[in-house]
Amino acid sequence: MTTSVDYSLAVLLQIIILLSTGGANGGGYLLNKYQVLAIYGGILFLHAALNSLPIYLLAHLGTIAAVWNIVGMLLLISIMCIT
């Protein structure tokens, strides 16, 4: 599951790079398959490094992520209610 999500993120980054440099018809930069695989490998390496951290630190990072998600959700809901 993690590998498919990481590969999807690498492809998404490829699309973001393409669109931010002019798009397919505007002469944008399209990464080749080896560059996408390098990005994919980097993302996998980052996940491996995160998973090798001590459990107490991972628990703390999980708490921060939960708070971040709740604050972001409340912010989005408040923006939608205002408009």
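I take contact to mean heavy atoms within 4.5 Å. The model is predicted.

**Entry: Gln 14**

I started with Gln 14, which is found in helix H1, residues 2–20. Which residues does Gln 14 touch, not counting those up to four places away in sequence? I found Leu 30, Leu 31 and Val 36. Next I asked: is Gln 14 buried or exposed? Its relative accessibility is 16%. The cut-off for buried is under 20%, so Gln 14 counts as buried.

**Entry: the core**

I then looked up the largest nonpolar core. Five residues make it up: Ala 10, Leu 31, Val 36, Tyr 40 and Ile 43. Which helix gives the largest share of this core? Helix H2, residues 33–51, supplies three residues. Leu 31 and Val 36 belong to this core, and both are touched by Gln 14. I noted a general point here: in soluble globular proteins, nonpolar side chains tend to be buried together.

Leaving out residues up to four places away in sequence, Ile 43 touches Asp 6, Leu 9, Ala 10 and Leu 13. Ala 10 is also a member of the core.

**Entry: H1 against H2**

Two packed helices are described by the angle between their axes and the distance between the axes. I looked up both. The axes of H1 and H2 come within 9 Å and cross at roughly 130 degrees. That angle makes H1 oblique to H2. The crossing is right-handed.

Which residues meet across this pair? On the H1 side I listed Thr 2, Thr 3, Asp 6, Tyr 7, Leu 9, Ala 10, Val 11, Leu 13 and Gln 14. On the H2 side I listed Val 36, Leu 37, Ile 39, Tyr 40, Ile 43, Leu 44 and His 47. By class, the contact has eleven nonpolar, four polar and one charged residues.

**Entry: Gly 28**

Last, I checked the loop between H1 and H2, where Gly 28 lies. What does Gly 28 touch, not counting residues up to four places away in sequence? The contacts are Leu 18, Thr 21, Gly 22 and Gly 23. I also took one distance. Gly 28 and Met 73 are 34 Å apart in space, C-alpha to C-alpha. In sequence, Gly 28 and Met 73 are 45 residues apart.

Note on methods
Residues numbered from 1 in each chain as written. Predicted model: local features only at pLDDT ≥ 70, side-chain atom pairs only at ≥ 80, totals over all residues. Heavy atoms only, no water. Core = buried A, V, L, I, M, F, W, Y, C linked by side-chain atoms within 4.5 Å. Buried < 20%, exposed > 50% of the residue type's maximum accessible area, 1.4 Å probe, protein only. Helix = DSSP H or I, 4+ residues; strand = E, 2+ residues; numbered from the N terminus. Axes fitted to C-alpha atoms, helices over the stretch in contact; angles between N-to-C directions. Parallel < 35°, antiparallel > 145°, perpendicular 65-115°, else oblique. Left-handed = near helix turned anticlockwise from the far one by under 90°. Nonpolar A, V, L, I, M, F, W, Y, C, P; charged D, E, K, R; others polar.
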